[in-house]
Structures are given as structure tokens and as C-alpha cells.
Amino acid sequence: MALTGSLLIGPDRYGRTVAIVDGIVAAGVPAGTAQLSCPDAEICPGAVCGHTHIYSALAPYGMPQPTTPPENFLQILERIWWRLDRAIDADTLRAAARDYIARALLAGTTTLIDHHESPNSIEGSLAILAAACHEFGMRALLCYGATERNFGRDEAVRGLAECRRVDASPLVRGLVGLHASFTAGDETIGEAGDLARELGAVVHIHVAEDKADIDDARARGAAGPLERLKSLGALVPGSILAHGVHLSADQVRLAEAHGCWFVHNPRSNEGNRVGYACNLSQSAKVALGTDGWNADMAEEERALVRLAEQNHDTGIAGRLAAGHALVAQRFGTDPQPLMPGAVGDLVVRENGHVRHVVVGGRLAVRDGALVNGNLEAIADAARTQAARLWTRMAEA
Ligand SMILES: [Zn+2]
């Protein structure tokens with residue numbers, strides 16, 4: 001399957017046209033290129049989800065609640081998500097990925113920056129995610145979040161090796177994942193930084209999502225998780241730090257000085273009751289993510305605006321748009337969406353609704369329906385695999 005294409009989109013109701021040649025926005029298209037006219041609609045940039053967990057996509061299909069309700073962030077991880085990720089196998093992951101990616105495209109999200117973990121099914125897991133991206137036409141940055149929390153150093157080594165296996169394509173790039181400072185030893189963190197430099201990639205890690213991450217770093221003798229990553233050589237320029245809820249203004253500026261991105265995940269932070277990331281306003285390099293919630297970025301942005309207001313945070317402007325510059329850095333393209341040299345990703349909206357979605361110059365959604373899949377069939381498969389997953393989770 002060709003992963004990119006050439007297409008002329010427009011003119012839209014404002015007379016705008018966007019030309020895409022071989023997956024990249026261009027000044028014009030050669031004669032004979034297919035045209036998608038949209039006189040009653042509006043051409044908009046595709047949305048970027050700056051941090052998510054595709055593997056959690058089966059949760060809405062009836063995930064059982066833990067018998068003892070979690071009372072804090074660590075218990076939420078231990079009783080829900082770390083049991084879920086241990087139960088993931090190839091079939092459940094494939095069904096989760098197809099469901100999550102299909103729904104993300106239908107919501108107008110054209111790039112997912114994913115952070116994956118499936119400790120009992122590490123090898124080949126990122127190839128499953130990449131295949132689902134290619135099947136439906138989703139752009140993605142993929143990584144395995146290396147950790148020592150289940151099986152020690154061996155688990156971390158295998159996680160980093162899986163990051164190395166991502167084959168770059170016009171739609172997919174690999175990152176080097178670490179779960180978080182509090183579940184990785186010094187050697188693992190140092191190796192992640194080295195691997196990112198070797199591959200010309202960056203590190204993608206949870207930082208200061210909850211105070212537990214701060215306490216752990218201090219117990220290990222560091223001023224905090226950010227300082228620990230820095231001292232171990234893992235703050236590679238361009239790296240993606242999810243959350244940053246418990247960082248000081250100075251720490252946020254330190255990360256920015258190292259060229260790092262933050263990703264704010266308002267709905268997740270509220271749901272996990274970890275606090276509001278008020279100091280992220282100290283950096284201009286803050287994108288918006290969903291941390292495993294659905295990848296409808298309009299919904300996430302509404303939550304951001306609501307929570308920013310509640311927390312008197314006036315520094316959130318441009319957070320959704322920042323994702324474009326982050327993605328452009330990884331693909332070596334122009335950071336201004338819809339401008340020549342940018343990735344050929346866009347959404348055609350009619351009355352505010354997603355009508356068409358183009359990724360890399362190819363239609364992924366036409367007239368509100370997936371071009372390369374049937375949502376009903378995808379959801380049926382997800383439901384079937386979810387039932388298997390809940391059984392496996394009960395045993396995990
Ligand atoms: Zn996350």
C-alpha cells in the first residue's frame with residue numbers, strides 16, 4: 001500500500017486550496033492530480049494528540065472495576081493500568097489499536113504520539129501499532145516505555161530493544177520510551193538517552209505526574225525526576241515529557257532550556273486527581289495529549305479551558321497547535337501546518353463536524369466514514385478481544 005499520496009484539496013468556503021505532493025504540502029500539484037473540492041466546508045490542520053496509550057483502548061468496552069477502589073495515583077496504576085498492560089497480548093493489542101486509531105481519525109486527529117507497554121508481550125508490539133497506523137492512514141510516533149517494575153532490568157533491556165525495532169516510514173517514526181523515573185534504575189535511564197542519541201530520536205517519558213515520582217527521585221538522591229534524567233544524560237533535546245504536574249516554574253524552564261517538550265493531559269490529570277499542571281505555562285513548548293482517553297482533541301481542549309479557568313491559569317494559548325511543531329521536528333518538515341513543506345495532514349470540517357480527513361496526502365476519512373475500514377466491524381472485534389482481556393486481567 002502506498003503510504004502517501006498527492007491531492008488537491010479545495011477550494012473551501014474561504015477560497016483556500018491546499019496542494020499535497022507525495023505526502024507533503026506543496027505550492028501546487030502536477031496536472032491530473034485528484035481534487036477534493038469542499039465549497040461548503042473549511043480546511044483546518046489535523047489535530048495532534050501529544051501523548052496517549054493506544055493499548056488502553058479496550059477499557060470503554062466494559063473493563064471491570066478493581067475489587068478494592070484505588071485511593072491514590074500509585075494504587076490506580078497498580079490496581080488498574082499495570083494489571084491491564086500485563087494482560088495485553090498480540091490479539092488484544094491489535095484490536096485496541098485498530099479501534100483507537102479508527103476513532104481518532106474520525107475525530108479529526110491525524111497524529112498520535114503513543115507510549116506503549118505490554119510487559120508480557122514486548123517483542124513485536126510496536127510493529128502491531130505501526131501496522132494499524134498504516135492500515136487506516138494515521139501518522140504516529142511510537143515507543144515502548146521501558147521499565148523495571150515487573151521483571152527488573154531484563155524487562156527494561158527488552159523494552160529499549162523494542163524501541164530500536166520501529167521501522168521509519170512516511171507515517172511512522174520511533175521514539176525511545178521510558179515509563180517514568182520512579183520505575184527505572186540509573187543504568188536503564190542512561191541507556192535510553194544513549195539509544196536516543198544513537199538513533200537520532202528523542203526520549204518519551206512520564207515526568208512528575210504525581211508526587212510519588214518526586215519522592216522517589218529524592219530518595220535516590222536527586223533534586224527531582226527532571227534533575228535525575230538530566231544527570232543520567234536522558235534529557236535529549238526534543239524529548240517529550242508527559243505531565244510535569246509537580247514541577248516548579250524553574251524546573252519547567254530548565255526542561256525548555258534543554259529543548260524538551262511537555263505534554264499537558266488535562267482530563268487524565270483530573271481523573272487521576274494528581275493536580276493541575278499550573279507551571280507548564282512557563283514554557284512555550286507545551287502540547288496537548290489525552291493519556292489514553294479518546295483522542296478527540298476538541299474534547300480535550302474544552303477540558304483544558306475549563307480546568308485552566310478553575311486554576312486561574314492564563315498561559316494555555318497555542319497548546320493544541322504546539323503539537324504540529326513537535327511532529328514536524330520528528331519528521332523533518334515545516335512546523336506551520338498547511339504551509340508548503342509541512343506534512344500533508346488536514347481536516348475538512350463542515351458546520352464544525354469532521355467531514356474528510358487527509359493524512360500524508362491520502363484520504364483516511366471521506367464523508368464522515370473511514371476509507372480503509374468499517375467502524376462497526378472494528379468495534380465488534382474490539383468487543384470480542386475486550387472480553388478475553390478482562391479474563392486475562394483477572395488472572396494477571
Ligand atoms: Zn501517560
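Is H53 buried or exposed? H53 has 25 C-beta neighbours inside 10 Å and therefore counts as buried; a residue is buried if 20 or more other C-beta atoms lie within 10 Å of its own, exposed if 12 or fewer, and partly exposed in between, with C-beta atoms placed from the backbone. The structure is a predicted model, in which local features need pLDDT of at least 70 and side-chain atom pairs count only at pLDDT 80 or more, while totals for chains, interfaces and linings use all residues. Residues are numbered from 1 along each chain as its sequence is written.

H53 lies in the loop between β6 and α1 (73-87). Helices (H or I, at least four residues) and strands (E, at least two) are DSSP runs, numbered from the N terminus. Leaving aside residues up to four places away in sequence, H53 touches D114, H115, D291 and G292, where contact requires that the C-beta atoms, placed from the backbone, lie within 7 Å.

The strand β6 belongs to an open sheet of 4 strands, ordered β6-β7-β8-β10 with parallel pairing; two strands pair if DSSP finds at least two bridges between them. Because β6 (47-52) and β10 (172-174) each have a single partner strand, they stand at the edges, and one side of each is left without a neighbour in the sheet. From one strand to the next, the twist averages 10°. Strand β8 (residues 139-142) is joined to β10 by 3 bridges, and the two run parallel. A140 stands opposite V172 in β10.

Helix packing comes next. The axes of α4 (residues 153-164) and α5 (residues 186-199) come within 11 Å and cross at roughly 10°, which makes α4 roughly parallel to α5. Axes are lines fitted to C-alpha atoms, for helices over the stretch in contact, and angles run from 0 to 180 degrees between N-to-C directions. Angles under 35 degrees count as roughly parallel, over 145 as roughly antiparallel, 65 to 115 as roughly perpendicular and the rest as oblique. R153, A156, L160, C163 and R164 of α4 meet T188, E191, A192, L195 and L199 of α5. This contact has 6 nonpolar, 1 polar and 3 charged residues; Ala, Val, Leu, Ile, Met, Phe, Trp, Tyr, Cys and Pro count as nonpolar, Asp, Glu, Lys and Arg as charged, and the others, Gly among them, as polar.

At the level of domains, the assignment gives domain 1 (7-43 + 343-369) and domain 2 (47-331), with bounds from an automatic or database domain assignment. Contacts between them involve 11 residues of domain 1 and 15 residues of domain 2.

Note on methods:
Contact = placed C-beta atoms within 7 Å.
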